[in-house]
Amino acid sequence: VACDNVFADGRHLKVSVETDETSGETLFNVENAPDADELGEEADTVWTGSGFWNSPSAWSAGVPDGGRRAVFDATGAAATEVTVADDAQVGAVSFDADGYRLSGGALAFASAKGAAVIDVRTGAHEIASPIASVVRLEAKIARGSSLELSGEMVSRGLDKLGSGWLNLSGDLSMMGTLGFDSGSVRFDSEIEGSALDSLIVRQSD
């Protein structure tokens, strides 16, 4: 489960599954793989606040997918209540304004480890949608900013980076570890049926 600790920084365990066409057996391929780079600005598509999630006109560069970063900022006085589509995919998410709330369908992170990032640059935000990721997620939260994850989250682990606040209030299903670099974390979640009542973790810079 906690395979991340086996590898040096910048590398992770990558597992792929395929079926042998001759024998019908299921084959598991295990690789010591390098982490991906974070997505660059060319991958950004900015929410404009007009239309539905799956409407191309609601985004500056088309509907997000596993190779794009969904950016929520102050562009065009965009609506801050965002309804996520049922089949929504992103590579990463960035908040650079104040007061966004994402709810509705599940938000699937389809990028590789190292690129699957929730980046809170400014403001206080909430993701109420369920989150699903087949890789370890990073939550980068700048000083003076905050992020609440109130929906169910299924992932291979979570690293909290930056000196801002992270509030974990939804149910968590982890196949890995929770890592905290700095800042403050309020932990009021249920993990696999074991309720933890409002655990707060603080670490100075």
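Which residues form one aromatic cluster? They are Trp47, Trp53, Trp59, Phe72, Phe95 and Tyr100. Before we walk through them, keep in mind that this is a predicted model, where local features need pLDDT of at least 70, side-chain atom pairs count only at pLDDT 80 or more, and totals for chains, interfaces and linings use all residues. Residues are numbered from 1 along each chain as its sequence is written, and side-chain values use heavy atoms, with hydrogens and water left out.

Start with the overall layout. Of its 205 residues, 40% are buried, where buried means under 20% relative accessible area with a 1.4 Å probe, counting protein chains only. If you look at contacts (heavy atoms within 4.5 Å) with a separation of 6 or more, 34% of them come from residues 24 or more positions apart.

Now head inside. In soluble globular proteins, nonpolar side chains tend to be buried together. Here, the largest nonpolar core has 37 residues, and Trp53, Phe72 and Phe95 touch the most other members. A nonpolar core is a set of buried Ala, Val, Leu, Ile, Met, Phe, Trp, Tyr and Cys residues joined through side-chain atoms within 4.5 Å. Strand β13 (residues 137–141) gives the most to this core, with three residues.

Back to the rings. The structure holds eight aromatic pairs, meaning Phe, Tyr or Trp rings (the six-membered one for Trp) with centres within 6.5 Å; planes under 30 degrees apart are stacked, over 60 edge-to-face, and the rest tilted. One of these is Trp47 with Phe72, a tilted pair at 6.5 Å centre to centre and 45 degrees between the planes. This pair links distant parts of the chain, since Trp47 sits in the loop between β3 (44–46) and β4 (69–73) while Phe72 is in strand β4, 25 residues apart. Both partners are buried: Trp47 has a relative accessible area of 3%, and Phe72 has 0%.

Phe72 also pairs with Trp53, again tilted, at 6.4 Å and 35 degrees. Trp53 lies in the loop between β3 and β4 and Phe72 in strand β4, so this pair ties together parts 19 residues apart in sequence. Trp53 is buried too, with a relative accessible area of 3%. Leaving aside neighbours within four places in sequence, Trp53 is in contact with residues including Trp47, Trp59, Phe72, Val82, Val90 and Leu107.

Note on methods: Buried < 20%, exposed > 50% of the residue type's maximum accessible area, 1.4 Å probe, protein only. Helix = DSSP H or I, 4+ residues; strand = E, 2+ residues; numbered from the N terminus.
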